[in-house]
Amino acid sequence: MKRLAFAVLLSMGASPLIGQDDLAQRAEAAFVSSFAGGDPAMLARTGVQDEVQRLCSEHRNSPPVALAQAIERTQRALIRYPASLIGDWREGKRIAEDFTGLRYDDKAGAPNGGNCYACHQLAPQELAFGTVGPSLLAYGKSRGWGVAAQQRVYDRIYNSQAFVACSAMPRFGHNGVLTPEQIAHLVALLLDPTSEVNR
Amino acid sequence: MRWLLLLCVVPALAAADEGLESTVRQYREALRDASPGELWVVTGEELFRTPRGPKNASLEACDFGLGPGVVKGAYAQLPRYFADTDRVEDLESRLMSCMRQLQGFGEEAFPRHARGDRRMLDFERLAAYVAAQSNGMPLAAPLAHPKEVDAQRIGERLFYRRAGTHDFSCATCHTLQGKRIRLQRLAQLTDPKEAQGVFPSWPAYRVAAGEVHTLQDWIAICYWAARHPQLRYGSEASVALQVFMARYANGGVISAPGVKR
């Protein structure tokens with residue numbers, strides 16, 4: 001990809017003014033100046049990338065194997081758990097459908113939604129689902145609902161990059177979008193045999 | 001039994017899915033012959049020709065890159081480098097430059113952010129008018145001046161830059177092939193065929209909003225959904241991202257204002 005970009009530059013016959021080494025800095029400066037004056041808390045958070053965000057951006061979400069493994073290992077070590085891994089699927093349903101939270105015009109202090117349907121199919125009657133992530137229709141039916149399955153689902157929602165470095169899925173627990181208790185409700189939505197997802 | 005059920009359910013879902021997609025498509029087709037966006041073109045031209053501002057001048061002498069007063073075909077060669085401001089400008093930042101230079105407007109005339117600012121109404125109209133004067137022409141943003149090359153490289157880095165509570169970048173959604181967010185089809189902006197189809201139909205009438213939105217507005221809305229702060233109107237990122245997108249969209253035929261969901 002980098003080579004392709006370089007070839008494009010050469011074919012246009014113009015040499016850039018910014019050296020390769022300064023490019024990252026110039027882009028960061030452009031980002032900060034372009035969002036200056038926006039919501040201060042969001043500006044503080046987006047203006048500085050964490051190390052995982054920085055590495056994934058740098059590698060266009062395809063990190064080399066050793067780096068991918070290091071990201072997955074360190075991210076897994078940071079997972080925190082609630083008292084119970086599985087909650088109430090009806091609560092989970094509400095969280096999955098709720099697309100609000102953490103945009104600059106959302107009410108601060110209210111619980112955030114997970115907006116799961118943006119990317120995943122879940123309950124069979126909801127047809128307005130996205131396809132960025134895999135379908136989770138009848139998820140628990142094929143995987144069972146034991147403690148091992150609960151832990152797998154919990155970890156995956158808490159921090160998807162503990163499994164797939166630079167995954168497109170937000171690190172909902174790690175980044176504080178959802179609380180451990182909210183994630184446990186989503187575990188129930190996916191695994192509880194009485195959940196609408198598994199009907 | 002479970003397998004049998006699955007066999008029945010999957011085609012039914014696929015059919016429902018296709019039904020929803022085609023409804024949106026039909027709606028777009030029906031609107032194409034009489035785009036509500038035409039209203040913005042007409043009122044935009046009137047605004048363009050009206051003397052305004054402290055200097056009581058119209059925008060008719062504005063140089064969009066093809067010389068003062070040349071509007072026809074100008075949008076097809078934007079964004080580009082402008083010597084008088086010594087920077088790369090897209091249509092909207094060029095409109096701002098001409099409003100400063102020709103009409104004497106100060107910063108208070110310009111929206112601070114593209115979203116939710118009444119001052120955007122003028123820009124939506126002016127942008128719709130100027131863009132429509134390139135309809136039928138292929139996009140040919142020059143991408144040749146060293147500053148244009150730099151803007152494209154900065155735009156590329158910003159496109160892949162993940163940040164915020166949701167770890168999102170533009171690339172999270174817009175490098176995927178044939179995917180949807182809910183029912184909204186995502187454009188793969190790094191695929192020339194898709195970029196050429198999507199990019200040159202901005203500014204566009206958005207059915208959900210009931211009004212014409214500009215490219216900068218569209219980018220700002222993306223950042224809002226991606227849990228980023230308010231994008232400043234006319235900012236470097238707004239322009240650099242367009243230069244990066246133009247690299248893939250060049251060759252696509254301008255048809256503005258388009259109709260989008």
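Figure 1. Chain A comprises 199 residues, of which 40% count as buried.

**Figure 2. Secondary structure and extent of chain A.** Chain A contains 9 helices and 0 strands. Read from the N terminus, its elements accordingly follow the order α-α-α-α-α-α-α-α-α. The C-alpha trace of chain A spans about 65 × 40 × 35 Å along its principal axes.

**Figure 3. Domains 1 and 2 of chain A.** The domain assignment places residues 2-48 of chain A in domain 1 and residues 89-198 in domain 2. A separation of 33 Å is found between the C-alpha centres of domain 1 of chain A and domain 2 of chain A.

**Figure 4. The loop of chain B that holds B:G106.** In chain B, helix α3 covers residues 91-101 and helix α4 covers residues 120-132. B:G106 is located in the loop between these two helices. This residue counts as exposed because 10 other C-beta atoms lie within 10 Å, and a residue is classed as exposed at 12 or fewer.

**Figure 5. B:G106 and B:P54 in chain B.** Along the chain, B:G106 and B:P54 are 52 residues apart. In the predicted model, the distance between the C-alpha atoms of B:G106 and B:P54 is 9.2 Å.

Technical notes. Residues are numbered from 1 along each chain as its sequence is written. Chains are lettered from A and ligands numbered from 1 in the order in which they are written. This is a predicted model: local features need pLDDT of at least 70, side-chain atom pairs count only at pLDDT 80 or more; totals for chains, interfaces and linings use all residues. Domain bounds come from an automatic or database domain assignment. Helices (H or I, at least four residues) and strands (E, at least two) are DSSP runs, numbered from the N terminus. A residue is buried if 20 or more other C-beta atoms lie within 10 Å of its own, exposed if 12 or fewer, and partly exposed in between; C-beta atoms are placed from the backbone.
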